[in-house]
Amino acid sequence: MDEKIREATESVASSDYNSEKKNLKEFAVDALFIFTGCIAGAFASIGIMIPNGLTSGGITGIARILMGFCDISFSVLYYGLAILVLILALVFLGKREARNILLMTLLYPAVMFVMERIPSLILLEESDLILAAVYFAVFDGVSYGLVLMRGYSFGGADTLAKIVKKKFLPHIDLSKILLVINSCIIISSAFVYGRNIALYALIMSVISTKVMEFVMFGFDTKIVKVEVITSMTEEVADYIMTELERGVSIDSTVGAYTGVERKRLVVYCSPRESMLVKQFVAKHDEKALVTVLHVDTVWGDGFKAIDKE
């Protein structure tokens with residue numbers, strides 16, 4: 001009896017050790033991706049955008065506009081705007097959304113603050129707006145891609161778009177609201193830095209988005225179909241519906257070899273959300289099967305209006 005108790009205790013201790021080791025490994029991978037993403041994004045702004053007089057969309061663009069009216073460093077302005085967005089997210093979207101952007105709100109501006117104090121941190125030897133615009137977009141897209149693929153978010157304009165959608169325009173597609181917000185920021189920058197700089201910012205935004213999508217999913221599309229076969233159907237479905245606020249369907253599937261019937265969950269979501277689903281499933285069911293398929297177009301509630309195209 002004592003031997004069985006000892007074996008059971010050792011088994012539990014071994015399981016706890018393996019679980020702790022796995023969590024530590026995941027944390028290390030997250031830290032590597034996030035810190036690399038912060039460095040890439042900070043370098044894009046401090047080493048490329050500002051020295052060449054360029055601007056961008058999002059709160060990066062707002063910070064650049066404010067620089068034209070006050071003698072405050074870019075990182076400090078960005079920090080203030082990021083904190084403001086965090087507060088707005090907490091008030092209007094709740095603790096869950098605020099928690100999603102908290103880390104990047106604190107870490108990303110801090111990395112920029114450090115980089116501002118490195119005088120030789122400039123990519124181009126001489127001013128070249130075309131090269132500067134392209135390289136900024138590449139580094140910026142890599143930055144966003146690395147962070148989003150680990151399930152984190154910068155906050156910024158996308159959080160503002162979520163607030164507008166929830167409080168004022170619930171029937172308008174989120175991507176369209178985000179497009180309007182970024183367009184207003186870029187157009188406003190034309191009055192401070194000139195029309196050509198605003199046009200460069202528009203090109204930079206397009207290239208950055210494409211690079212971000214490539215980093216996350218190669219050449220996949222913005223909407224993906226995620227299929228999950230797991231023994232924890234209810235837990236995964238509850239996570240998708242409550243945390244991601246996405247609809248999910250459940251059907252049955254039978255393995256040809258085993259003849260065992262299992263439940264299959266299907267959800268349509270963004271690439272970032274598919275990463276969150278994958279991470280959640282990985283933590284709770286290592287034997288689960290997760291399939292991600294890119295989708296050309298989705299019409300219906302929560303996506304493109306079915307009567308518009």
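Modeller: The part to begin with is Ala288, which is located in the loop that joins α10 (271-284) to β4 (289-294). The model is a predicted one. Between the C-alpha atoms of Ala288 and Ser231 the distance is 7.2 Å, although 57 residues separate the two in sequence. When neighbours within four places in sequence are set aside, the residues in contact with Ala288 are Ile229, Thr230 and Val281.

Another loop, the one between α9 (233-242) and β2 (249-254), contains Glu245. Most residues other than glycine have a negative phi. Glu245 is not a glycine, yet its phi is positive, at about 55°. Its relative accessibility is 59%, and Glu245 therefore counts as exposed, the cut-off being over 50%.

The next subject is Phe139, a residue of helix α5 (residues 129-148). Phe139 and Ala40 are 99 residues apart along the chain, but their C-alpha atoms are separated by 5.5 Å. Apart from residues up to four places away in sequence, Phe139 touches Ala40, Gly41, Phe43, Ala44, Ile48 and Leu123. Because its relative accessibility is 27%, Phe139 counts as partly exposed.

Phe43 and Phe139 form an edge-to-face pair, with 5.1 Å from centre to centre and 65° between the planes. This pair links distant parts of the chain, since Phe43 belongs to helix α1 (residues 2-49) and Phe139 to helix α5, 96 residues apart. Phe43 has a relative accessible area of 13% and is therefore buried.

A further pair is formed by Tyr108 and Phe154, whose ring centres are 5.0 Å apart and whose planes stand at 80°, so this pair is edge-to-face. Tyr108 counts as buried because its relative accessibility is 3%. Phe154, at 5% relative accessibility, likewise counts as buried. Tyr108 and Phe154 belong to one aromatic cluster together with Phe74, Tyr78 and Tyr144.

The account ends with helix α6. Two packed helices are described by the angle between their axes and the distance between the axes. The axes of α6 (residues 157-167) and α7 (residues 174-193) come within 9 Å and cross at roughly 120°. Because of that angle, α6 is oblique to α7. The crossing of α6 and α7 is right-handed. On the side of α6, the contact involves Ala157, Asp158, Leu160, Ala161, Lys162, Val164 and Lys165, and these meet Leu174, Ile177, Leu178, Ile181 and Asn182 of α7. The residues of this contact comprise 8 nonpolar, 1 polar and 3 charged. Within α6, the residues Ala157, Thr159, Ala161 and Ile163 are buried. Besides α7, the buried residues of α6 pack against α2 (58-67), α3 (74-92) and α4 (95-115).

Terms used: Residues numbered from 1 in each chain as written. Predicted model: local features only at pLDDT ≥ 70, side-chain atom pairs only at ≥ 80, totals over all residues. Heavy atoms only, no water. Axes fitted to C-alpha atoms, helices over the stretch in contact; angles between N-to-C directions. Helix = DSSP H or I, 4+ residues; strand = E, 2+ residues; numbered from the N terminus. Parallel < 35°, antiparallel > 145°, perpendicular 65-115°, else oblique. Left-handed = near helix turned anticlockwise from the far one by under 90°. Contact = heavy atoms within 4.5 Å. Nonpolar A, V, L, I, M, F, W, Y, C, P; charged D, E, K, R; others polar. Buried < 20%, exposed > 50% of the residue type's maximum accessible area, 1.4 Å probe, protein only. Phe/Tyr/Trp six-rings, centres within 6.5 Å; stacked < 30°, edge-to-face > 60°.
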